[in-house]
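Have the sequence and the model side by side as you read.

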Amino acid sequence: MEAIAQAAPPPAELQEKIRALVQEFGLEACQNCLQVAIDEQQQINKAILEASFDGFLLADKEGFILSCNHSALSIFGYDSLVGNHIMSLIGGADPKSHKRHFDNPPEPLPGSQILTHMRDVPAKHKSGAEFHVTVGVCFLELKSERHYVAFVRDLTTQKRQDELQQATFNASFDPIVVTDAFGGIQIVNQALLDEFGYRDLSMIVGQSISKLVPERYATSQGGFMELFQEYVNQALLAVGLRDREMTAIRSDGSEFPMKVAFQRIKADHIHELHLVGFIRNITDEKKAIEVTKMRGDMRAQEAKMEMERDMTSYFAHELRNPLGAIDSALTTMPDDLSKNAHEAKELHKSIKLCTTSMSEIMNNLLDVRQMEEGQMTWQPSPVDLERLLTDIHTMLLPSVKDGVEFRCVVDMAGRNWVLGDAHRLQQVMTNIATNAIEYTTSGSISLSLRWTEDSQVRFECTDTGPGIAKDEKANLFKRFVKRGGEPGTELGLAIAKHIVNFIGGTICFEENDLAVAPGSTCVAILPLQVTTTRRAEKSSSDKKDTGSILERLNVLIVDDISMNRKMVTRRFMKIAPNCNILEACTGEDAMKICEQENFDVIIMDNFMEKAGGVMLGTDAVIAMRRMGICALIIGCSGNDLDQEFRSAGAEFFWGKPLPSDAEIVRQIQVGVPW
């Protein structure tokens, strides 16, 4: 850049300093130093201009370019611009109209040398292509002549981005709205006009965004505008108005569900705060959710119906044999029992075995229902595993086929007692062993218990049966699947697996390399905790005869069916011949009787509507406990209500058919406050 001519003289103080320097160092030395400083400043200015992303042009008063930087050459596509008229860079329909700025220069902005600032101008590339630039122009006086300095910024990229954003804005299928910080609508896209039923922008632009929601939701406490302003004020910045479900209203008053998301366009010292809102009509989405839910409900209903069909098939299949056996026993029962006591005793034993089998079938069905409803329970108490497995071995021994050796091995290293649910553990071991007994016709079956290295209980059942195909082992733990993969009526292994999984254990058939190996081994790993606490047992002096109870007991039997009361009465007269029995048909009647009498044992049915009862048996138990009745209360029902009766205050629960005489005696001896 050339030095500025006819510059204003320096202040007097500065002139004195200059004279002092000239006198001290000489005029030539001072001129050399000044020239070096000027050269350095020019190099700095040149470097700044060359490094600038904006184009720089220096033109004389006629408009001919005297100097430019590399960015200007790159923007306009020239190797050199010096000597070209600046008008050669102007595009548009009438580029000559811009020449008036040189013929009749405009006045600068007050107090500055700026002629124009950030003005968009059409420009022309060397190739002839036109594009947009923004220009800032100022003037300066060099050698008493006006010169022009122009800074040029290529807007091609910015314009392209704006066009793409505008195209995206207009092409969006979802409505979009831009508002100011107060909710005033600035602009909307065509999708919003179509969705909300407005013909043109004038009907919506300038209105409050609350116009898009019903009035009852717009200005109410906690309504749309309150949420909007909280978001504007950054009170909800962490959460924001994102994916909020709301109700929208069209211009015709019809409503529809929508999801709304707002994005802040941050304010700065130049730009005001704006918000961009994205709206989606979720009518179809909600319908799809409803359809999906309906289909899910239908599938669940179909699965439930299929399960009920399977259960019906299971029930019919499994009950056919014991019912047939009972019918045969009754048909062949001798007329004169006194003369054929041995035969009658054997038939009675057969009937008892059949009813026990039928009871197990119903218990299996109840367990499956609990599994389906997620209501399986686990009630831990001290359990002697050695005695438990020994009892199971004794119980199952009669069902083992002739010629099959049935062994039981317990190696618990003196740690027999664990915390567990004896009933559930018995189910697991019995069901696994029963499966082996069913398919083993020769050889042996071995049951074993031991501790693993990681202090878990390992129950193992090994048999010499026909074996299980490798790809069928996992399927055997599914409901109603038998060996060979065919549909069946088996539930035992499925129940065992559910119980084991429920307590966090594992159960499987051991793998081998053969496709079908002879025999099989089923292993259940049970995470049970050793306990030093043992179940309290009566001393020999306190033990009573488990065959019968000789003490006089006051017993109240509550059931709405006369036959049921009669059968329970017979059972009590058999095991406690000296008992005194009263009967009630409903919970209400039982409450009245308890106000007059004290009882040792109360047997309570649950549903007694056939006798006009309104109170459930569980409600009657709760009321009795509140009255201070300390009797042994036993719930009794054909439904699985064990947990309900125990929660109400009963000590025990009997299903139907009733437990064995020995179990009833045991419960009375444990529960009655003698």
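## Aromatic pairs

The whole structure holds nine aromatic pairs. Rings of Phe, Tyr and Trp (its six-membered ring) pair if their centres lie within 6.5 Å; planes under 30 degrees apart are stacked, over 60 edge-to-face, and the rest tilted.

This is a predicted model: local features need pLDDT of at least 70, side-chain atom pairs count only at pLDDT 80 or more, and totals for chains, interfaces and linings use all residues. Residues are numbered from 1 along each chain as its sequence is written, and side-chain values use heavy atoms, with hydrogens and water left out.

F224 and F228 make a tilted pair, 6.4 Å centre to centre with 40° between the planes. Both lie in helix α8 (residues 224–232), four residues apart, about one turn of the helix. Helices (H or I, at least four residues) and strands (E, at least two) are DSSP runs, numbered from the N terminus.

F224 is buried at 5% relative accessible area. F228 is buried too, at 0%. Buried means under 20% relative accessible area (1.4 Å probe, protein chains only). Ring pairs join F224, F228 and F262 into a cluster.

## A pair across the sequence

F572 and W654 are also tilted, because their planes meet at 35°, with ring centres 6.4 Å apart. F572 lies in helix α14 (residues 562–575) and W654 in strand β23 (residues 652–654), so this pair ties together parts 82 residues apart in sequence. Both residues, F572 and W654, are buried.

## Charges over rings

R146 lies over the face of F139, 4.0 Å from the ring centre. The charged end of K497 sits over the F477 ring, 5.6 Å from its centre. The test: NZ of Lys or CZ of Arg within 6 Å of the ring centre and within 35 degrees of the ring normal.

Note on methods
Buried means under 20% relative accessible area, exposed over 50%, partly exposed in between (1.4 Å probe, protein chains only).
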